[in-house]
Amino acid sequence: MKNKFVFIVLVAMCSQSCSSNQNNYTQLRKRMVEEQIIPRGITNKDVINTLLTVPRHEFIPEKNRKYSYEDHPVNIGYDQTISQPYIVALMTELLEPLTFHKILEIGTGSGYQAAILAELVKEVYSIEIIPELAEFAKKNIERLKYKNVFIKSGDGYFGWPQNAPFDGIIVTCAPDKIPKPLLNQLKINGKMVIPVGDYPHQTLYLITKTSKGIEKKEIIPVLFVPMKGEVEKIKE
Ligand code: SAH
């Protein structure tokens, strides 16, 4: 009888602390948006709401979870990072996502950027070169019950031709030149957001593919992990 009582008290304590943790994370997300996102000029309401909603901490391994809502990238293992919240917001806003869009992401990492896009568009296809990270991202995406994110492990340089063309492409690792296959898989009037340049001198570009050619707009200097695989061979 006494044991049963102790058990019930423990369950009640846990559910109380779990829900207070959730409240805490909701508060941290609100602060992140108020301090890091809005003051830096992000105005797209859908993007802002998505950053308020998606539980970023669920995409970060336990030991670094305490840094989830801080103003910097966070280590997710295998020498890779989840991008800084502002960079995720900026890249998403530049893509001008619409509810009927099909988006390709290169560099799934934790799956966080894919989840942000999943809230805004119809389908997200994402490619990750490190198999263990692709698995990590798949687990995160499944746990949070996103049904419109498709992840595969492979070299994103080649894109995902079976599902092309895409309304938008977002690249979260930096090649030193824009991969041709990605340009080919972009629809006319589609946008690509991509960091380009040799580490650590990279620039974030907004590319628009028009019927007359490619328009390239420089956005800001950035620091991303270099793109691996085929691009490294082309460089040699
Ligand atoms: N978008 C991620 C952050 C990604 S960090 C997030 O929201 O967490 C960049 C990722 O790009 C790393 O996981 C790295 O392994 C991956 N990457 C590097 N080169 C790649 C390539 N050629 N194809 C696919 N992924 C690549």
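Arg40 comes out as partly exposed in this predicted model, with a relative accessible area of 37%.

Glu58 and Arg143 form a salt bridge in which the closest N and O atoms are 3.1 Å apart. Here too distant parts of the chain are linked: Glu58 belongs to the loop between α2 and β1, Arg143 belongs to helix α5 (residues 131–143), and 85 residues separate them. Arg143 counts as partly exposed, with a relative accessible area of 40%.

Then there is a pair within a single helix. Lys30 forms a salt bridge with Glu34, with 3.3 Å between the closest N and O atoms. Because Lys30 and Glu34 are four residues apart in helix α1 (residues 2–37), about one helical turn separates them. Lys30 is partly exposed at 43% relative accessibility, and Glu34 is partly exposed at 44%. In general, side chains of opposite charge can pair when their charged atoms come close. Across the whole structure, the search turns up eight salt bridges.

The largest pocket holds about 610 Å³ of space. Its lining is made up of 38 residues, and Thr81, Ser83, Thr172, Phe224 and Val225 are the closest to its centre. Several elements give two or more residues to this lining, namely β2 (80–82), α3 (85–95), β3 (102–106), α4 (112–120), β4 (123–128) and β9 (213–222). The top contributor is β2, with three residues. Sorted by type, the lining of the largest pocket has 21 nonpolar, 13 polar and four charged residues.

The second largest pocket contains about 220 Å³ of space. It is lined by 13 residues, and those nearest its centre are Leu28, Arg31, Lys66, Tyr69 and Glu70. By type, the lining of the second largest pocket splits into five nonpolar, two polar and six charged residues.

Terms used. Residues are numbered from 1 along each chain as its sequence is written. This is a predicted model: local features need pLDDT of at least 70, side-chain atom pairs count only at pLDDT 80 or more; totals for chains, interfaces and linings use all residues. Side-chain values use heavy atoms; hydrogens and water are left out. A salt bridge is a side-chain nitrogen of Lys or Arg within 4 Å of a carboxyl oxygen of Asp or Glu. Buried means under 20% relative accessible area, exposed over 50%, partly exposed in between (1.4 Å probe, protein chains only). On a 1 Å grid over the protein atoms alone, a cavity is a set of points where a 1.4 Å probe fits but cannot get out, and a pocket is an open set with protein on both sides within 12 Å along at least five of seven lines; lining residues have an atom within 4 Å of a point. Grid points are joined across faces, edges and corners, and a volume is the space filled by probe spheres set on the points. Ala, Val, Leu, Ile, Met, Phe, Trp, Tyr, Cys and Pro count as nonpolar, Asp, Glu, Lys and Arg as charged, and the others, Gly among them, as polar.
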